[in-house]
Amino acid sequence: MTQQIQITKSQNLKEKPEVAGIPFGSYFTDHMFLMDYSAEMGWHDARIVPYAPFEISPSSQVLHYGQSVFEGLKAYNVDGEVILFRPDENFKRLNRSLERMSMPKVDEEFALDALYELLKIEHDWVPDGEGQSLYVRPFVFANEPYLGVRPAKSYRMMIVLSPVAGYYGAQLNPTSIYVEDDYVRAVRGGVGEAKFAGNYASSYAAQQKANDLGYEQVLWLDGVHQEYIEEVGSMNIFFVRDGELITPQLNGSILPGITRKSLITLAEDLGYTVREERIHISDVEKGIKDGSISEVFGAGTAAVVAPVGIMNIHGTDYRVNNNEIGKVTQELYDNLTGIQTKKQEDKHGWVYDVTATVK
Ligand SMILES: *Cc1c(COP(=O)(O)O)cnc(C)c1O
């Protein structure tokens with residue numbers, strides 16, 4: 001059922017910015033991908049067109065009831081070749097998110113082909129500076145003009161691209177986190193495991209609170225007991241405890257990160273034992289106090305890994321690893337970014353060479 005993709009090239013190419021100076025997600029390339037869905041026609045009218053605003057009906061369902069999901073991945077420029085890291089996983093997860101939100105699934109292979117086509121056209125936009133990449137944002141939203149509360153009958157899928165600077169400067173900087181015990185991000189049986197737009201809007205209040213208190217990120221506890229660790233900001237979380245890696249087990253309210261999944265495999269390759277467990281906040285507090293927990297870090301596409309240096313637990317500040325990057329954290333970061341930049345062997349077939357495929 002592979003569709004043709006209609007291509008309309010922009011007549012008016014933008015100037016490429018100095019990537020190092022642009023804030024994340026604020027500058028977009030010359031073209032974008034779109035396709036539409038209707039109950040009668042399924043997904044149709046796949047096209048790549050100049051990046052531009054478009055019209056939407058004031059009664060479009062997405063504006064009222066929020067049926068909208070997204071993905072996020074990065075294209076890297078490795079010696080002039082365009083590389084993606086496990087993009088198949090992103091489109092699989094997109095379909096799981098779509099299913100959860102009662103939205104129509106996409107053909108994963110076709111969606112990946114569409115991304116390849118778009119990247120072929122935008123090849124020159126993939127920056128090659130240290131840590132820089134072209135952030136890829138696929139998203140799908142309800143687009144039926146109708147105010148009834150039921151799943152929409154028409155949708156739009158789009159992919160836009162944004163050049164981004166490295167998350168870090170010269171080295172990994174430890175972040176400070178605030179354990180949130182009032183607001184929750186997600187509940188079991190809810191939508192926490194979907195990359196659903198509303199999950200992010202509903203996290204802003206806690207993020208603002210953490211910032212006001214002087215911390216960079218929120219550490220989320222589970223929504224039922226408010227005792228078990230879930231995630232940190234929009235990242236999954238790992239602990240190094242007695243030389244082993246521990247991460248919260250997926251429970252329906254945690255977003256199943258591709259970085260998380262990759263780090264589990266990579267850590268096992270490197271000889272570490274990795275445990276997926278239910279982790280109680282008071283055990284973390286104890287572990288940091290007695291030194292059995294030596295490192296804490298977040299994991300996600302944006303930062304790859306984000307070391308945690310300060311953790312506020314129920315009003316007390318704890319320093320983790322003396323507010324420095326831990327050995328294991330650094331080792332995992334170096335190994336994962338090494339695979340992503342083809343400096344290290346890719347023995348699991350995680351790296352997709354877009355350039356080689358489109359030639
Ligand atoms: C996207 C996301 C992650 C990380 O997923 P990756 O696939 O590793 O980028 C973790 N938590 C939340 C809430 C997210 O939205």
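**A loop residue and its setting**

Tutor: N322 counts as partly exposed because its relative accessibility is 48%, the class between buried (under 20%) and exposed (over 50%), taken with a 1.4 Å probe and protein chains only. The model is a predicted one, in which local features need pLDDT of at least 70 and side-chain atom pairs count only at pLDDT 80 or more, while totals for chains, interfaces and linings use all residues. Residues are numbered from 1 along each chain as its sequence is written, and side-chain values use heavy atoms, with hydrogens and water left out.

N322 sits in the loop that runs between β17 and α8 (327-340), where helices are DSSP runs (H or I) of at least four residues and strands (E) of at least two. Most residues other than glycine have a negative phi. H314, likewise not a glycine, also has a positive phi, of about 45 degrees, and belongs to the loop between β16 (304-313) and β17 (316-319). With a relative accessible area of 45%, H314 is partly exposed.

E122 occupies the loop between α3 (108-121) and β7 (133-142), yet it is buried because its relative accessibility is 1%. Leaving aside residues up to four places away in sequence, E122 touches T29, D30, H31 and L161, a contact being heavy atoms within 4.5 Å. D30 is 92 residues away from E122 along the chain, but their C-alpha atoms are separated by 7.3 Å, and the side chain of E122 reaches the backbone nitrogen of D30 at 2.8 Å. E89, in helix α2 (residues 87-100), is buried as well, with a relative accessible area of 9%, and with the sequence neighbours up to four places away left out it touches I258 and K261.

Turning to the ligand, 14 residues surround it, and the closest are K195, Y200, E231, T259 and T301, with one heavy atom within 4 Å as the criterion. A polar side-chain atom of T259 lies 2.6 Å from a ligand oxygen atom, and a polar side-chain atom of T301 lies 2.6 Å from an oxygen atom of the ligand. A backbone N or O atom of S234 lies 3.4 Å from one of the ligand's nitrogen atoms. Taken alone, the ligand exposes 380 Å², and the protein buries 95% of that.

Terms used. Polar contact = N/O pair within 3.5 Å; in protein donor to acceptor, adjacent residues only side chain to side chain. Areas by Shrake-Rupley, 256 points an atom, 1.4 Å probe, with all protein chains shown as cover.
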